[in-house]
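Biologist: I'm new to this one, and I'd like to learn how to read it. Could you walk me through a few features?

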Amino acid sequence: MTTQWASIDEFSRWVKRREHPIAKDLYRGAKAVLQWETPCVKPLHGALYRVHLAVRATVAGLVRVFYWTPLFKSRIAGSAKRLYLYGGMPQILGALRVQLGDDCRVSGVTTFSGRSSAAVCPQLNVGSNVDIGWQTTIAVGRLVELGDNVRIAGRCFLAGYPGHPLDPVARAQGKPEGDDQVGDIILENDVWLATGVSVMAGVRIGRGTVVAAGSVVTRDLPAGVLAGGVPARVLRLLNTERE
């Protein structure tokens, strides 16, 4: 068997080198086969495309309503009325209590995790009318609170605990992080985190503040400002009407 596979590999290399006329013909023939495609008949394939989208949307809607949403609600507390999950069911890792308000929209490609070594079960409190975007991770050390009308874009990271100790020996031994590395994260009402924002443990972001894409928030931010950078700092005040 080994000799057979070696012969096949040698033949493949011989064809790819194209040093012989026959090898050149074989190479061109194989490439033509691999690059062959079905001609596009726009009226036909356009109609098939629309049918495909309709079927996919219908199936996704049925799965969302009758499968993902009730399964996810069985794992969380709170009223969670009119919850809209899209793209699947969020992943919940570790011991974690999740409280969810009404009218929330959560991507199925998100992860909520609780610190496994916590003395008290970590708590994630999510207000009403909250968006949590694609590939966002919320790691809860003790407490993470998201106020009403909070918007979290895709690929954000709320790091309430790091997962590993700073000491390299303890880290190599697989020990958990220390309590001094854990902190609460509070996002007050109307906060907006743009794409790829990271918020570190112990941070509070004030009401209505917007954090620019790719920023890393390492300390508290006041209410009603635009912040950005690594680490994030206040860029300017926002002219917003408050109740």
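**Strands, a hairpin and a patch**

Modeller: Let's start in a sheet: β9 and strand β12 (residues 185–187) run parallel and are joined by three bridges. Keep in mind that this is a predicted model.

Biologist: Which residue stands opposite valine 144 in β12?

Modeller: That's isoleucine 185. β9 also runs parallel to strand β6 (residues 123–126), with four bridges joining them. There, glutamine 123 has leucine 143 of β9 as its bridge partner.

Biologist: How do I read the two faces of a strand?

Modeller: In a regular strand, side chains alternate between the two faces of the sheet. Now look at β9, residues 143–146: Val144 and Leu146 make up the covered face, while Leu143 and Glu145 are on the uncovered one.

Biologist: In which sense do β18 and β19 pair?

Modeller: Antiparallel, over four bridges, with β18 spanning residues 225–228 and β19 residues 233–237. Glycine 228 is opposite arginine 233 in β19. The two strands form a hairpin with four residues between them, and glycine 229 in that turn has a positive phi of about 115 degrees.

Biologist: Now the surface. Which residues make the nonpolar patch of about 490 Å²?

Modeller: Val51, Val55, Val59, Val63, Tyr67 and Leu71. Take one of them, valine 55, which lies in helix α3, residues 42–73.

Notes:
Residues are numbered from 1 along each chain as its sequence is written. This is a predicted model: local features need pLDDT of at least 70, side-chain atom pairs count only at pLDDT 80 or more; totals for chains, interfaces and linings use all residues. Side-chain values use heavy atoms; hydrogens and water are left out. Patches are made of residues with over 30% relative accessible area and no salt bridge: like charges are joined within 9 Å, nonpolar side chains (Val, Leu, Ile, Met, Phe, Trp, Tyr) within 5 Å. Accessible areas come from the Shrake-Rupley method with a 1.4 Å probe; for residues, only the protein chains shown count as cover. A salt bridge is a side-chain nitrogen of Lys or Arg within 4 Å of a carboxyl oxygen of Asp or Glu. Two strands pair if DSSP finds at least two bridges between them. Buried means under 20% relative accessible area, exposed over 50%, partly exposed in between (1.4 Å probe, protein chains only).
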